Amino acid sequence: MLNIEQIQKDINELPEEAQTLLIDFIDVLKKRYSLAEKQEVKSHPTLSDRSSTLDILKESGLIGCISAESEIYTNYKSVIREGLKCKYDHR
């Protein structure tokens, strides 16, 4: 059973940025599961389920993720350029 008081306490202890991310994540979940209520929930996702999830992520503004050093803000363009080159340059 959920302990709402503990959850509220945990959320209040998070930094403001983390609280904002949590709100965004909750919005994504609400959209995802409001769609699931309209469709029969299946144990194996179909192509249409994956499409709706992709649509939700596109709406949320998620671009993607990369692994990089903690000081990436100083040289992020070169890190991204090299990462994409390694990923897609198959010569």
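Modeller: A salt bridge is a side-chain nitrogen of Lys or Arg within 4 Å of a carboxyl oxygen of Asp or Glu. In this predicted model, local features need a pLDDT of at least 70 and side-chain atom pairs count only at pLDDT 80 or more, while totals for chains, interfaces and linings use all residues. Residues are numbered from 1 along each chain as its sequence is written, and side-chain values use heavy atoms, with hydrogens and water left out.

Colleague: How many salt bridges does the structure hold, and which residue forms one with Lys9?

Modeller: The structure holds 1 salt bridge. Glu13 pairs with Lys9, and their closest N and O atoms are 3.8 Å apart.

Colleague: Where do Glu13 and Lys9 lie?

Modeller: Helices are DSSP runs of H or I with at least four residues, numbered from the N terminus. Both Glu13 and Lys9 belong to helix H1, 4 residues apart, or about one turn of the helix.

Colleague: Is Glu13 buried or exposed?

Modeller: Buried means under 20% relative accessible area, exposed over 50%, and partly exposed in between, with a 1.4 Å probe and protein chains only. Glu13 counts as exposed because its relative accessibility is 54%; Lys9, at 46%, is partly exposed.

Technical notes:
Helix = DSSP H or I, 4+ residues; strand = E, 2+ residues; numbered from the N terminus.
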